[in-house]
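Please look over the sequence and the model shown here.

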Amino acid sequence: MSKILVILPNNPGDVLMATPALRGLKAQGHQVHFLVDRECAELVANNPDIDKIHIFERRALKARLSEKEGAEGMAALRDFVGQLSAEEFDRVANLSQGRLAAL
């Protein structure tokens, strides 16, 4: 069974439209993790096709990165990426159109 991270952080409509893809991945026997913005997490909180939700604090991170030096924001981003990396995903599916999510 593959462990897949699906990234679609910040658009509620897109998050809901992605649910058939999540269902398909789960039906194929994959362990599905979903990365979404806090504002969208409630939309998928009880989705049986998602094994784990990773919440991306997009607005808070953006505010921290916009500060004078942005060091706090970079540290938070490194910590978040480190947590995701520790999950040791077999694949990542980035459904987001934003450049930040791609990074």
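Is E87 buried or exposed? At 16% relative accessibility, E87 counts as buried (buried is under 20% relative accessible area, exposed over 50%, and partly exposed in between, with a 1.4 Å probe and protein chains only). This is a predicted model, in which local features need pLDDT of at least 70 and side-chain atom pairs count only at pLDDT 80 or more, while totals for chains, interfaces and linings use all residues. Residues are numbered from 1 along each chain as its sequence is written, and side-chain values use heavy atoms, with hydrogens and water left out.

The sheet comes next. It is open and has 4 strands in the order β3-β2-β1-β4, with parallel pairing. Strands (E, at least two residues) and helices (H or I, at least four) are DSSP runs numbered from the N terminus, and two strands pair if DSSP finds at least two bridges between them. The edges are taken by β3 (52–56) and β4 (91–94); each has a single partner strand, so one side of each lacks a neighbour in the sheet. On average, neighbouring strands are turned by 20° against each other, direction ignored. Angles run from 0 to 180 degrees between N-to-C directions, and axes are lines fitted to C-alpha atoms, for helices over the stretch in contact.

Strand β2 (residues 31–37) runs parallel to β3 and is joined to it by 5 bridges. In this pairing, H33 stands opposite K52 of β3. Helix α5 (residues 71–86) packs on the sheet and touches β1 (3–7), β2 and β3, where contact means heavy atoms within 4.5 Å. The direction of α5 makes about 165° with that of β3.

K52 also takes part in a salt bridge, with E87 as its partner and 2.7 Å between the closest N and O atoms. A salt bridge here is a side-chain nitrogen of Lys or Arg within 4 Å of a carboxyl oxygen of Asp or Glu. K52 lies in strand β3 and E87 in the loop between α5 and β4, 35 residues apart. K52 is partly exposed, at 36% relative accessible area.

The whole structure holds 5 salt bridges. One of them joins R23 and D49, with the closest N and O atoms 3.9 Å apart. R23 belongs to helix α2 (residues 19–27) and D49 to the loop between α3 (38–44) and β3, so the pair ties together parts 26 residues apart in sequence. D49 is buried, with a relative accessible area of 15%, whereas R23 is partly exposed at 46%.
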